[in-house]
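Open the model in a viewer and keep the selection panel at hand. The stops below say what to select and what is found there.

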Amino acid sequence: MKTNRQQLLQLLADRVMTSRELIRELGISQPTLSRLINSIQNDIVVMGKGRATCYGLPKKPGQEVNRLPVYSIDVKGDVHPYGQLTPLQGGQYWWQSITCSGEISHHLPWQIQDLLINGYCARAFALRYGDHLKLSPRLTDWTEEDMLIATSRCGEDRPGNLILGEESLARYFELVRNPPELIELGSQALEYPQLALKTLARETIPLQLSGEQPKFSVCLNERGAPCRMLVKFSPAADSKEARRYADLLVCEHLALEAIRIAGLNAVRSRLVISGNQTFLCIKRFDRRGLFGRLPATSLRALHSRIQEPCDDWVSAATRLQKQGIIYLSEARKLHWLALFSDMIGNANQHFGNISFLPHGKDNYLLAPAYGMRPTIYEPLAGEIPARLFTPPSLRKEAEGELAAARQAAILFWKSAAIDERISEGFRQICFENCELLQLQEQGSKSP
Ligand SMILES: Nc1ncnc2c1ncn2[C@@H]1O[C@H](COP(=O)(O)OP(=O)(O)O)[C@@H](O)[C@H]1O
Ligand SMILES: [Mg+2]
């Protein structure tokens with residue numbers, strides 16, 4: 001026969017429970033429950049206050065990963081307490097930010113989701129730190145818990161301004177003690193090929209940003225001011241595939257320009273060409289100077305607040321706006337970006353490719369657009385497959401943005417068609433796509 005203590009621990013291993021639920025399940029009185037809880041208070045997590053008090057079991061009893069402090073870094077690089085995350089048994093989490101009383105969540109709280117490592121850089125990260133973290137060197141073997149361990153121990157440079165865990169914070173202080181060397185604008189073409197080689201050889205500390213393109217991080221000397229940049233690069237090889245990657249990086253630069261010309265916000269980028277290799281150098285919107293940081297959250301994390309599937313940007317924008325999480329103006333901008341993406345062949349419209357910046361108490365503005373390029377033309381398994389661009393059909397919800405987004409897409413294809421940094425073959429494709437969109441535009445105007 002199991003004791004009350006054993007039964008209680010068994011119940012809490014499945015999920016968090018309130019006193020009322022425990023009294024009912026165990027068939028004991030409130031005073032008996034209180035005595036029981038007191039006798040095992042070091043083994044359980046007590047959440048909330050008064051009638052709302054709940055009890056749960058820490059994910060790993062007796063281990064330091066039980067309560068993970070979360071810190072924020074401000075624009076000057078100073079550290080502030082932000083909250084505390086307690087992983088629980090049964091796959092739940094207890095999240096307490098310093099501004100609210102605390103919440104129990106059935107999945108990783110949305111505020112923390114972007115801190116989990118993923119993408120190209122995560123694979124490099126797993127190889128580099130797997131041993132140190134006593135985890136597999138293969139990212140594919142990692143569970144969510146492993147990712148949390150990794151982020152809490154080596155997550156000093158995640159996107160946005162949050163840092164999870166004391167060990168990651170200590171690593172942030174280490175970064176501050178050893179500031180990076182600034183790269184002069186004039187020496188980019190000389191330095192970048194070396195940095196690309198080191199990145200591919202995994203000799204540098206992996207940049208902690210997601211995305212599938214290889215990239216590294218630099219701090220540029222912008223007329224005396226340090227400026228954090230991320231740099232994407234094409235392969236150095238003289239091959240058709242390398243040429244296509246280079247063309248697409250030029251396209252990304254032109255797409256960002258077309259977005260800005262249309263009056264929307266896009267990250268500032270600069271192309272650096274060195275021999276066969278093209279580098280796209282992009283200013284970070286979540287960094288200031290050498291150590292300052294700004295909050296940012298991905299569409300994926302923000303959208304997880306409303307527990308709907310991550311389907312497409314247009315529907316997500318409408319949902320977030322209806323829930324009052326983003327303003328109508330921002331939903332319209334995201335509609336615009338979705339249409340523009342459709343019309344420039346950017347099939348990479350996943351929820352990590354859009355970010356938001358907090359605004360006011362609980363509202364969000366669209367972060368500058370990034371990662372926009374005609375991904376349908378990306379090489380596949382070392383080949384350059386022939387792809388047909390078909391102008392997309394209209395999406396009713398985003399109808400109001402169609403004409404302006406199409407104008408911007410036409411401008412994008414036109415500028416790519418005459419840009420001599422792009423290979424002749426690909427310029428021809430850009431020219432044809434421009435004509436296709438112009439035809440579609442004329443068709444929509446005729447009665
Ligand atoms: N300018 C920027 N400032 C801050 N974070 C950025 C910026 N550009 C991209 N990111 C972050 O880096 C990730 C990868 O960038 P992205 O441009 O999408 O790369 P890829 O082309 O490899 O997909 C994004 O999901 C976003 O979190
Ligand atoms: Mg991306």
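Select Ala381 to begin: this residue counts as exposed because its C-beta neighbours inside 10 Å number 6, where 12 or fewer other C-beta atoms within 10 Å make a residue exposed, 20 or more make it buried, anything in between is partly exposed, and C-beta atoms are placed from the backbone. Ala381 sits in the loop between strand E18 (363-366) and H13. Helices (H or I, at least four residues) and strands (E, at least two) are DSSP runs, numbered from the N terminus. Ala381 is not a glycine, yet its phi is positive, about 45°.

A note on the model and its numbering belongs here. The model is predicted, and local features need pLDDT of at least 70, side-chain atom pairs count only at pLDDT 80 or more, and totals for chains, interfaces and linings use all residues. Residues are numbered from 1 along each chain as its sequence is written, while chains are lettered from A and ligands numbered from 1 in the order in which they are written.

Next, select Lys134 in the loop between H5 and H6. Phi of Lys134 is also positive, near 60°, in a residue other than glycine. Is Lys134 buried or exposed? Lys134 is exposed, with 8 other C-beta atoms within 10 Å.

Now move to helix H6, residues 144-154. Of its 11 residues, 8 are buried, which leaves the helix mostly covered. Among the buried ones are Met147, Leu148, Ile149 and Ala150. To see what lies over them, show strand E4 (68-73), strand E5 (79-87), helix H5 (120-129), strand E8 (162-164) and helix H7 (166-177), which are included in the cover.

Keep H6 and H7 on screen. Their axes are 5 Å apart and the packing angle is about 35°; axes are lines fitted to C-alpha atoms, for helices over the stretch in contact, and angles run from 0 to 180 degrees between N-to-C directions. Ser152, Arg153 and Cys154 of H6 meet Glu167, Ser168 and Arg171 of H7, contact being C-beta atoms, placed from the backbone, within 7 Å.

For another helix pair, select H13 (residues 402-417) and H14 (residues 424-445), which pack at about 155° with axes 8 Å apart. The two are therefore roughly antiparallel, the word for angles over 145 degrees. On the H13 side the contact includes Arg406, Ala409 and Trp413, and on the H14 side Arg427, Phe431 and Glu441. The contact residues divide into 9 nonpolar, 2 polar and 4 charged; Ala, Val, Leu, Ile, Met, Phe, Trp, Tyr, Cys and Pro count as nonpolar, Asp, Glu, Lys and Arg as charged, and the others, Gly among them, as polar.

Stay in H13 and pick Ala408. Ala408 counts as buried because it has 25 C-beta neighbours inside 10 Å. Leaving out residues up to four places away in sequence, Ala408 touches Ala258, Ile259, Ala262 and Phe340. A line drawn from its C-alpha atom to that of Asp157, 251 residues apart along the chain, spans 34 Å.

Follow the contact to Ile259.

Finally, show the largest nonpolar core, with 111 residues: a set of buried Ala, Val, Leu, Ile, Met, Phe, Trp, Tyr and Cys residues joined through C-beta atoms within 7 Å. Val231, Ala255, Ile259, Phe340, Ala369, Ala409 and Phe412 touch the most other members. Helix H9 (residues 240-261) supplies the largest share of this core, 11 residues.

Note on methods:
Two residues are in contact if their C-beta atoms, placed from the backbone, lie within 7 Å. Angles under 35 degrees count as roughly parallel, over 145 as roughly antiparallel, 65 to 115 as roughly perpendicular and the rest as oblique.
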